Amino acid sequence: MGLFNFVKEAGEKLWDAVHGSDDQSKKLQEHINKLGLPGAENVNVKVEDGKAVVTGEGLSQELKEKILIAAGNVAGITAVDDQIKTTQSEPEARFYQVKKGDTLSAISKEMYGDANQYNKIFEANKPMLTSVDKIYPGQTLRIPQ
């Protein structure tokens, strides 16, 4: 558990016409649920002043990390406060913030020493990533062990 920082301007725009933390919370909760992650319905999201507080229990470490990244990779979110309790202890993944000019192959080379491991990163970030070519600066990616 802890606080994860994100780039405020980077990410999917969910609430151009939405005002107030209750509407933002509802929109962010809907966004996470639409991803189709099994167990996502077991979390609750509350947004206040650009910070998303995510609570819940009964999730795997992998699912928890995917939900935290999904919440943080939304324009307007500067931090995600992880209050999720996992069902089992698993090693935590590392996180990587995409820089201008990055590709999944380049990230793979930096993180694993092998550019051909890019698909491991792509799979670890599904369904948030829909193509290996669609990453953007400021986006945070989950990098599994």
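Modeller: This is a predicted model. Let's start with a hairpin: strands E2 and E3 form it, with two residues between them.
Biologist: Which residue in the turn has a positive phi?
Modeller: Asp49, with a phi of about 55°.
Biologist: How many bridges join E2 to E3?
Modeller: Six, and the two strands run antiparallel. E2 covers residues 43-48, and E3 covers residues 51-59.
Biologist: What stands opposite Val53 in E3?
Modeller: Lys46 does.
Biologist: Which side chains of E2 are buried?
Modeller: Val43, Val45 and Val47, which point to one face.
Biologist: Why do they alternate?
Modeller: Because in a regular strand side chains alternate between the two faces of the sheet.
Biologist: New topic. Where is Gln61?
Modeller: In helix H2, residues 61-72.
Biologist: Buried or exposed?
Modeller: Gln61 is at 5% relative accessibility, so it counts as buried. Leaving out residues up to four places away in sequence, Gln61 touches Thr86, Glu90, Pro91 and Glu92.
Biologist: And where is Glu90 found?
Modeller: In the loop between strand E4 (79-86) and strand E5 (94-97). Glu90 counts as partly exposed because its relative accessibility is 31%.
Biologist: How far apart are Glu90 and Lys46 in space?
Modeller: 26 Å, C-alpha to C-alpha, and 44 residues apart in sequence.
Biologist: What does UniProt place at residues 20-88?
Modeller: The feature "domain: BON", from an unreviewed entry. That span is 38% helix and 33% strand. Its end C-alpha atoms lie 36 Å apart.

Definitions and conventions:
Residues numbered from 1 in each chain as written. Predicted model: local features only at pLDDT ≥ 70, side-chain atom pairs only at ≥ 80, totals over all residues. Heavy atoms only, no water. Buried < 20%, exposed > 50% of the residue type's maximum accessible area, 1.4 Å probe, protein only. Helix = DSSP H or I, 4+ residues; strand = E, 2+ residues; numbered from the N terminus. Pairing = 2+ DSSP bridges. UniProt positions renumbered as here; feature names shortened; annotations may be inferred. Contact = heavy atoms within 4.5 Å.
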